[in-house]
Amino acid sequence: MTRLILASQSPARTKLLTEAGIHHEVLVSDVDEDAVQARYGVTDAHDTALLLARAKAEAVASLPDAEGALVIGCDSVFEFDGESHGKPYTVDVAKERMLRMSGSKGVLHTGHWLVDCRETAADMNDGETAVGTGATVGAVSSAEVHFAEMSENDIDAYIATGEPLHCAGSFTIDGLGGAFIRKVDGDPHAVVGLSISTLRDLLGQANVGITELWTHNGSEASNE
């Protein structure tokens, strides 16, 4: 079976892949996101999401465990009022953002980057057949998120759960935060953090059909 490695520790992303029947492994990168952004000076939310996804994918692709596999890296950045927002990490930052977001809308950008680490023709001996393409390709999937009116009590109670502190934009759609999302215009999977249709397109550029990754027994993802 073709191996797919998810370069992310996000439980939401691996759950999404598992529920979509996509066999995968998890191998987490040690990318310093702040250092990457400081190096390239990217401020646009769309471009930042793609840049960080690429950095994560390439970091994992360079590891020995990625040999012979396809690696997908993802990163999400929330664009609100012309500003880019990643994870808030602190209660004060999360609350300030959510008070502004109440009854408003923003765009969640999720960057995807795929690296084909399988052997290419240049790596093979005479008579051997190469399957790798050497592809290193990316794309961004974006969705506009409309928020319901949230009272300060709602916001305080939500933040107290800890859920929004480690999510881009201070919210989730597939957890408790879904109660405060009125509608989504665009790919809802992008809001979770990985667009299955975007992954399908990127795999196609590496000459891999997504059906090749489907599990047939409902087994859980493995973690390495």
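Begin by selecting E33 and K56, whose side chains meet in a salt bridge with N and O 3.1 Å apart; a salt bridge here is a side-chain nitrogen of Lys or Arg within 4 Å of a carboxyl oxygen of Asp or Glu. The pair links distant parts of the chain, with E33 in helix 2 and K56 in helix 3 (residues 45-61), 23 residues apart. Helices (H or I, at least four residues) and strands (E, at least two) are DSSP runs, numbered from the N terminus.

The model is predicted: local features need pLDDT of at least 70 and side-chain atom pairs count only at pLDDT 80 or more, while totals for chains, interfaces and linings use all residues. Residues are numbered from 1 along each chain as its sequence is written, and side-chain values use heavy atoms, with hydrogens and water left out.

**Stop 1**

Colour the two residues by accessibility. E33 counts as partly exposed, at 23% relative accessibility, whereas K56 is buried, with a relative accessible area of 10%. Buried means under 20% relative accessible area, exposed over 50%, and partly exposed in between (1.4 Å probe, protein chains only).

Like K56, D75 is buried.

**Stop 2: helix 2 against helix 3**

The axes of helix 2 and helix 3 come within 10 Å and cross at roughly 120°. Axes are lines fitted to C-alpha atoms, for helices over the stretch in contact, and angles run from 0 to 180 degrees between N-to-C directions. That angle makes helix 2 oblique to helix 3; angles under 35 degrees count as roughly parallel, over 145 as roughly antiparallel, 65 to 115 as roughly perpendicular and the rest as oblique. The crossing of the two helices is right-handed: a crossing is left-handed if the near helix is turned anticlockwise from the far one by less than a right angle, and right-handed if clockwise.

Which residues form this contact? On helix 2, select E33, V36, Q37 and Y40; on helix 3, select T48, L51, L52, A55 and K56. Contact means heavy atoms within 4.5 Å.

**Stop 3**

Move to S29, in the loop between strand 2 and helix 2. S29 is buried, with a relative accessible area of 18%. Not counting residues up to four places away in sequence, S29 touches K56, A59 and V60.

V28 belongs to the loop between strand 2 (25-26) and helix 2 (33-40). Is V28 buried or partly exposed? V28 is partly exposed, at a relative accessible area of 41%. Leaving aside neighbours within four places in sequence, V28 is in contact with S8, Q9 and V60.

**Stop 4: helix 1**

Select helix 1 (residues 11-19), in which R13, T14, L16, L17 and T18 are buried. The buried residues of helix 1 pack against strand 1 (4-6), strand 2, strand 3 (70-80), helix 6 (188-192) and helix 7 (196-205). Next in view is G21, which follows helix 1 and has a positive phi, near 75°.

**Stop 5: helix 4 against helix 5**

Select K95 and E152, whose side chains meet in a salt bridge (2.7 Å, N to O). K95 lies in helix 4 (residues 91-101) and E152 in helix 5 (residues 152-160), so the pair ties together parts that are 57 residues apart in sequence. K95 is partly exposed, with a relative accessible area of 21%, and E152 is partly exposed, at 44%.

Helix 4 and helix 5 pack at an angle of about 145°, with their axes 10 Å apart, and helix 4 passes helix 5 in a right-handed crossing. The contact is made by V91, A94, K95, M98 and L99 of helix 4 and E152, I155, D156, Y158 and I159 of helix 5. These residues divide into 7 nonpolar, no polar and 3 charged.

**Last stop: a salt-bridge network**

Finally, select D81, E83, E96 and R100, which are linked in a network of salt bridges. The structure holds 12 salt bridges.

Definitions and conventions: Ala, Val, Leu, Ile, Met, Phe, Trp, Tyr, Cys and Pro count as nonpolar, Asp, Glu, Lys and Arg as charged, and the others, Gly among them, as polar.
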